[in-house]
Amino acid sequence: MTDGLLVRAASVLRVFSSTRPSLTLTEICALAGLPRSTTQRLLMQLLDVGLLTRADDRYTISTALWEIGELAPVSLNLRERALPYLNRLYEATGENVHLAVLDGFDALYVARVVGPNAVPTVSRMGGRHPLHTTGVGKALLALQNEEFLMAFFARQLEAPTMYSITSQSALRAELEAIVRDGYSRTSQEMTLGNVSLAVPITTGPQLPLAAVGVVTHLTRSNPSRMIPLLKKVAAEISEQLRDG
């Protein structure tokens, strides 16, 4: 494949999402912004190399592509080593536990532990959310240098709820507090009724910055209990990554 063809193939793969796991040729053309003939040729090649599967007239991501993705360092070196500690944190809190890494201007969720009594969240494995509206996102944002922050604030920041904070001055004040206190907190900024607490994790040179967080309902939020648990788990994961 030429470089241009690789770029177009990647644009086809990226139109699939959790809300669009199965697509027709016409839908892929529209979403990727490519001519029908080009899209059809790309789909045939992606089918041939096993990166897509087809049932009737609909295409989906293949298990082979998932298998390749599982070889990424965030899976092999971060998630697998962190999972025992994430499970322990869930057992201690009974709440949603998230592990996320910095990816561009988003928090990319690479692991989560949930249970029957945990509050519903919009996060999912492999999903992403804005840095400024999530606990793990703010923990990651607080670690960034001024160049990154200037580029981040130069954009239009989205507001998923009426409580989302989009003011640069207010967010910068929060980031200073996160650096000082060692944890972040959001209240109903991504999902109404939910509170998120998070702590950054020290990762190695081969891994992106990471953070571990707990999401609970507003009425069950107990920072004085949960923050020490989060800090302990973050320190244990950091030590595991350092020793590994």
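Where is the place of leucine 171? Leucine 171 sits in helix 8, residues 168-181, and gets a view of its own below. A heads-up before the close-ups: this is a predicted model.

**View 1. Leucine 171 and what it touches.** Here we're looking at leucine 171 in helix 8. Its relative accessibility is 1%, and because buried means under 20%, leucine 171 counts as buried. Setting aside residues up to four places away in sequence, leucine 171 touches His132, Lys138, Phe153, Leu157, Ile165 and Thr166. Take Phe153 from that list: phenylalanine 153 is 18 residues from leucine 171 along the chain, and their C-alpha atoms are separated by 9.6 Å.

**View 2. Threonine 133 in its loop.** Threonine 133 belongs to the loop between strand 6 and helix 6 (135-141). With a relative accessible area of 0%, threonine 133 is buried. Neighbours within four places in sequence aside, threonine 133 is in contact with Glu158, Pro160, Ser164, Thr186, Glu189 and Met190. If you want to find threonine 216 from here, count 83 residues along the sequence from threonine 133, or go 15 Å through space, C-alpha to C-alpha.

**View 3. Strand 4 meets strand 9.** Zooming in on one pairing, strand 4 (residues 96-103) and strand 9 (residues 210-217) run antiparallel and are joined by six bridges. To get your bearings, pick out valine 97, whose bridge partner in strand 9 is valine 214.

**View 4. The largest pocket.** This one has a volume of about 1,200 Å³. Of the 27 residues lining the largest pocket, Leu108, Arg124, Met125, Gly126 and Gly127 are the closest to its centre. Helix 4 (63-69), helix 5 (73-93), strand 5 (106-113) and strand 6 each supply at least two residues of the lining.

Methods. Residues numbered from 1 in each chain as written. Predicted model: local features only at pLDDT ≥ 70, side-chain atom pairs only at ≥ 80, totals over all residues. Heavy atoms only, no water. Pairing = 2+ DSSP bridges. Helix = DSSP H or I, 4+ residues; strand = E, 2+ residues; numbered from the N terminus. 1 Å grid on protein atoms, 1.4 Å probe; cavity = no way out; pocket = protein on both sides within 12 Å on 5 of 7 lines; lining within 4 Å. Points joined across faces, edges and corners; volume = space filled by probe spheres on them. Buried < 20%, exposed > 50% of the residue type's maximum accessible area, 1.4 Å probe, protein only. Contact = heavy atoms within 4.5 Å.
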